[in-house]
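Let's take a walk through this fold, one contact at a time.

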Amino acid sequence: LALGGDIRAMCECCDRLQTTLADGATLKGLSTSQRSEIVKAAAKSLDAKDPILLAKLAGLILKITKGGANLLSVSKLLFRLSKTSTNDPVFVSEGVTAGILA
């Protein structure tokens with residue numbers, strides 16, 4: 001994940017990570033340093049403008065993060081996205097609400 005990269009490629013990367021981490025054993029098997037590296041890579045792209053990519057990144061960070069400043073950043077991002085009603089379908093299609101409630 002790199003800011004300024006191809007949005008489609010970044011979205012596909014997020015989708016692959018989400019699919020890999022959907023297996024609870026894989027997610028639980030991540031070390032703290034592995035979690036940290038994934039979150040750092042995702043956080044670098046949170047300045048993107050594409051709401052779909054932002055929703056995917058937020059969902060990924062919500063799934064991996066156990067707490068702290070990252071959750072605050074994602075919460076602010078989701079609040080900002082939620083202010084625009086055209087982003088409502090993005091929340092549903094990307095399953096962000098499930099990550100918030102988990």
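## Ground rules

A salt bridge here is a side-chain nitrogen of Lys or Arg within 4 Å of a carboxyl oxygen of Asp or Glu. This is a predicted model, in which local features need pLDDT of at least 70 and side-chain atom pairs count only at pLDDT 80 or more, while totals for chains, interfaces and linings use all residues. Residues are numbered from 1 along each chain as its sequence is written, and side-chain values use heavy atoms, with hydrogens and water left out.

## Charged pairs

By that rule, the count comes to three salt bridges. Side chains of opposite charge can pair when their charged atoms come close. Glutamate 94 and lysine 56 do this with N to O at 2.9 Å. That pair links distant parts of the chain, 38 residues apart: glutamate 94 sits in the loop between α6 and α7 (96-101), and lysine 56 in helix α4. Helices, by the way, are DSSP runs (H or I, at least four residues), numbered from the N terminus.

Lysine 56 has another partner in aspartate 15, with the closest N and O atoms 2.6 Å apart. Aspartate 15 belongs to helix α1 and lysine 56 to helix α4, so this bridge ties together parts that are 41 residues apart in sequence.

How exposed are the members? Call a residue buried under 20% relative accessible area, exposed over 50%, and partly exposed in between (1.4 Å probe, protein chains only). Lysine 56 is buried at 9%, whereas aspartate 15 is partly exposed at 35% and glutamate 94 is partly exposed at 24%.

The remaining bridge to look at joins glutamate 37 to lysine 40, with 3.8 Å between the closest N and O atoms. These two are three residues apart in helix α3, so about one helical turn separates them. Lysine 40 is partly exposed, with a relative accessible area of 45%.

## The nonpolar core

Next, the greasy part. A nonpolar core is a set of buried Ala, Val, Leu, Ile, Met, Phe, Trp, Tyr and Cys residues joined through side-chain atoms within 4.5 Å. In soluble globular proteins, nonpolar side chains tend to be buried together. The largest core here has 27 residues, and Leu53, Ile64 and Leu78 have the most contacts inside it. At least two residues each come from α1 (7-21), α3 (32-43), α4 (51-64), α5 (69-82) and α6 (88-93). The biggest giver is α4, with nine residues.

Which residues does leucine 78 touch, leaving aside neighbours within four places in sequence? With contact meaning heavy atoms within 4.5 Å, they are Ala58, Leu62, Phe91, Val96 and Ile100. Isoleucine 100 is in helix α7 and is partly exposed at 44% relative accessibility. With residues up to four places away set aside, isoleucine 100 touches Leu62 and Leu78.

Take α5: Val74, Leu77, Leu78 and Leu81 are buried. Seen down the helix axis, the buried residues fall within an arc of 95 degrees (using directions from the axis to the C-beta atoms), so they line one face of α5. On the other side, Ala69, Lys76, Phe79 and Arg80 are exposed. The cover over the buried residues of α5 includes α4, α6 and α7.

In α1, the buried residues are Met10, Cys11, Cys14 and Leu21. They cover an arc of only 100 degrees, which puts them on the same side of α1. The face turned away carries the exposed residues Arg8, Arg16 and Thr19. Among what covers the buried residues of α1 are α2 (24-28) and α4.

## Cysteines without bonds

How many disulfides does a search of the whole structure find? It finds zero, where a disulfide would be a pair of cysteine sulfur atoms within 2.5 Å. For cysteine 11, the closest cysteine sulfur is that of cysteine 14, at 6.4 Å, too far for a bond. Cysteine 13 also has its closest cysteine sulfur in cysteine 14, and 5.9 Å is too far as well. Cysteine 11 is buried at 10% relative accessibility, whereas cysteine 13 is partly exposed at 21%.
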